[in-house]
Amino acid sequence: KENIGKYQDLNLEEIEFEYIHIFEEIENKLIPVSSLNLKHSEIEKLEKHYKEKKPELELYPVFSASSNPIGYLPEDLENFEQNKIVISNPENPDISFATDGDASAGTNFIIHIGKYYINNTRKVIKFDANDKSIYTKYLYFALHNMKEKYNFNREHKATSENLKSVIIPIPKPIGNYTSYDIQKIIAEFIEYISLKSESVISLIEDIIKIAEKGKENLICKLFNELPSGSISEDVIKLFEEFKKNTEKYLDLNLEEIEFEEKKLIDFGDGDGICKQRMGFTPETISDGDIYFYKVGDLSKVQDIEIKNPQTEEKTTIEYINKAVGKSSEKAKPIQKGDILVSFKLTIGITKIYNSDEVAYCNEAIDILTPKEGYYNKYLAFIVGKKYQEKAKAKTVKGASLNKELKSEIYIPIPKPIGDYTSYDIQKIIAEFIEYIYENFDDIITKSENNIGKAKILQKCLLIKVFKER
C-alpha cells in the first residue's frame, strides 16, 4: 500500500472470506469445446501453408494441454468454428487450464488475449462483459495449487463433474469495496510479491552467470599473466589467500616463478612433453563391457577428472581387435592418467582419465600421455584452451585441428625455483586453480539453492494466501 499509494483504508486482516464450490458457481461460464481432430504435425503444416500462400491472413494461437500454443490458424476455417473463441471482456479475459494427463491435468493455466482456438483437452472459463462476480486473475491465482490439492491426473481428470469439489475463498464486501474490488486488489498484491521474487531470482541468475564467466576468465588470465611475468594484484592476492587458507607453500611467491614455452606433442621426433595417439571407432553394442568415449560423453563430465566412467555406447574386446588388430598401437586402451582432449567439432573439451576401467575413444579425441616431469592436471587446465586458441587463429576446415596445427601448440612450463622442482610448481598451480574453482563453484551452488528456495517461497505464498481457514 505504501509503495503504490493505494488502498490506504483497506486492512488485510479485516477482510472476511466465504469458501465456495467455485465450479458450481461458474458452471454457466464454462465453454464447451470439441476435439480439433488434428495432430500437432497437421496443424503445423496448415500454419506453414497459410504463412506461405496467404501471408495477409491473421493467424490465431491454437491451445491444447500445453501452456504454449501448438500452432497458429486463421479465423475462417469452417471445421474449427466451434473451437474458435473471442474474448468478450478484455478487462476480465478468459482463463483456461488443462483437463487431462498425469502431469497436465489441473495445471498449465492461461489468461487469454484476443481470439484463439482451443482443443477439448482444456477447460475454458469465460466472463461476460458486465460480469463482476469473479476476477480472472484472482481465480488464476486461487486455482494454481488445484492439481496437487485435488490430485487431478490421467485417471482423475479435471472434468466438469470432478471440478465441483474444488473450493476457493471468495472475499466478502467491506466498506466501499465490493468482492470484485477486493479480488482485484489481492491479485495485484500477489503480482507485486511475485515481481519482487522474480527480481531476486533474476539477480541470483546474474550472479551465477558472472561466477561461471569469472571462473573461466580468471583461469585464462592466470595462464596469460604467469608466463609474461606481469601478474595482476588480484591474482597475487588470491594466491596469498590460497597459501594462507591451505597453510602450504608459504615461501613461494607467484611473481618470482619463471616459465619456458615447450612444445606440447611429440610426433615421434622426441620434441614435445606428451606422447599422442588418436582414438578410432569400433562397432558398439548396448551390453558391451568396455567404455567407448565420444566428444559428447566428455562434455557431460562436470569435473576435470573422469573417475566413474559413463558412456552412451559400449564396445567389446572382440570389436576392438576386429577394428584395429591385436598388435596395433591403437588396440592399447586409455591409460589411467592420460589426458583426453577433443579436436573435432566441439574443440578443447579436456578431461583426465582417472579410472582403472578399460576404455577407448573415437578419432575426434586426442589421447595425451605426459612424459616424466610433467603433471597431467596442470597440462589439462591449459591444453583445452590452447586447442581452442589454435582453432580460432586459423581457418580450420570442418572444425578440426590437423597434425600441422597441433605441432604449433606450446605450453608454458614453470622453471625450478629454490627447493621446488618444475613438477612441484606445476602441482601447486593446479592445486591453486582447483581452489579457485571451488570458491566459484561454492558461490554458484549457494546461488542455485537460493533460486530453488525463492521459487518454493513463491509457490508457498500462493498456497498460504488461499489456504482454507
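**Labels and their grounds**

Author: This is a predicted model, and the protein chain in it exposes about 25,400 Å², with carbon and sulfur atoms supplying 49% of that area. Of its 469 residues, 45% count as buried, and its secondary structure comes to 12 helices and 21 strands. Among contacts with a separation of 6 or more, 72% are between residues 24 or more positions apart.

Reader: What makes the pair of F239 and F432 edge-to-face?

Author: The ring centres of F239 and F432 are 5.1 Å apart, and rings pair when their centres lie within 6.5 Å. Their planes stand at 85°, and because planes over 60 degrees apart count as edge-to-face, the pair takes that name. It links distant parts of the chain, since F239 belongs to helix α7 and F432 to helix α12, 193 residues apart. Both F239 and F432 are buried.

Reader: Why is the pair of F239 and F242 called tilted?

Author: This is one of the aromatic pairs in a structure where a search finds 15. The centres of F239 and F242 lie 5.6 Å apart, with 45° between the planes; stacked pairs need planes under 30 degrees apart and edge-to-face pairs over 60, so the rest count as tilted. F239 and F242 are 3 residues apart in helix α7, and they are therefore separated by about one helical turn. F239 is buried, as is F242.

Reader: How do you know that the charged end of K427 sits over the ring of Y375?

Author: The charged end of K427 is 5.6 Å from the centre of the Y375 ring, and the distance limit is 6 Å, with a second condition of lying within 35 degrees of the ring normal. K427 is listed as sitting over the ring. K406 is placed over the ring of F343, at 3.3 Å from its centre.

Reader: What makes β6 a partner of both β7 and β9?

Author: Two strands pair if at least two bridges are found between them. Strand β6 is joined to β7 (residues 110–111) by 2 bridges and to β9 (residues 122–125) by 4 bridges, so both meet the requirement of at least two. Each pairing runs antiparallel. I95 stands opposite I111 in β7, while F97 stands opposite K123 in β9. Along β6 (residues 95–98), I95 and F97 point one way and S96 and A98 the other way, and all are buried. F97 also belongs to an aromatic cluster with F23, F109, Y140 and F141.

Reader: Which residues touch the most other members of the largest nonpolar core?

Author: That core has 47 residues, and L264, L368, Y378, L379, Y387 and I411 touch the most other members. The elements giving two or more residues to the core are α7, β17, α10, β21 and α12, and α12 supplies the largest share, 10 residues. Apart from this core lies another, of 35 residues, among them I20, F23, F141 and I186.

Reader: What does I411 touch, leaving aside residues up to four places away in sequence?

Author: I411 touches E260, E261, K262, L264, I273, L379, I382, V383 and K386. Among these, L264 and L379 are themselves on the list of core residues that touch the most other members.

Notes:
Residues numbered from 1 in each chain as written. Predicted model: local features only at pLDDT ≥ 70, side-chain atom pairs only at ≥ 80, totals over all residues. Heavy atoms only, no water. Buried < 20%, exposed > 50% of the residue type's maximum accessible area, 1.4 Å probe, protein only. Contact = heavy atoms within 4.5 Å. Areas by Shrake-Rupley, 256 points an atom, 1.4 Å probe, with all protein chains shown as cover. Core = buried A, V, L, I, M, F, W, Y, C linked by side-chain atoms within 4.5 Å. Phe/Tyr/Trp six-rings, centres within 6.5 Å; stacked < 30°, edge-to-face > 60°.
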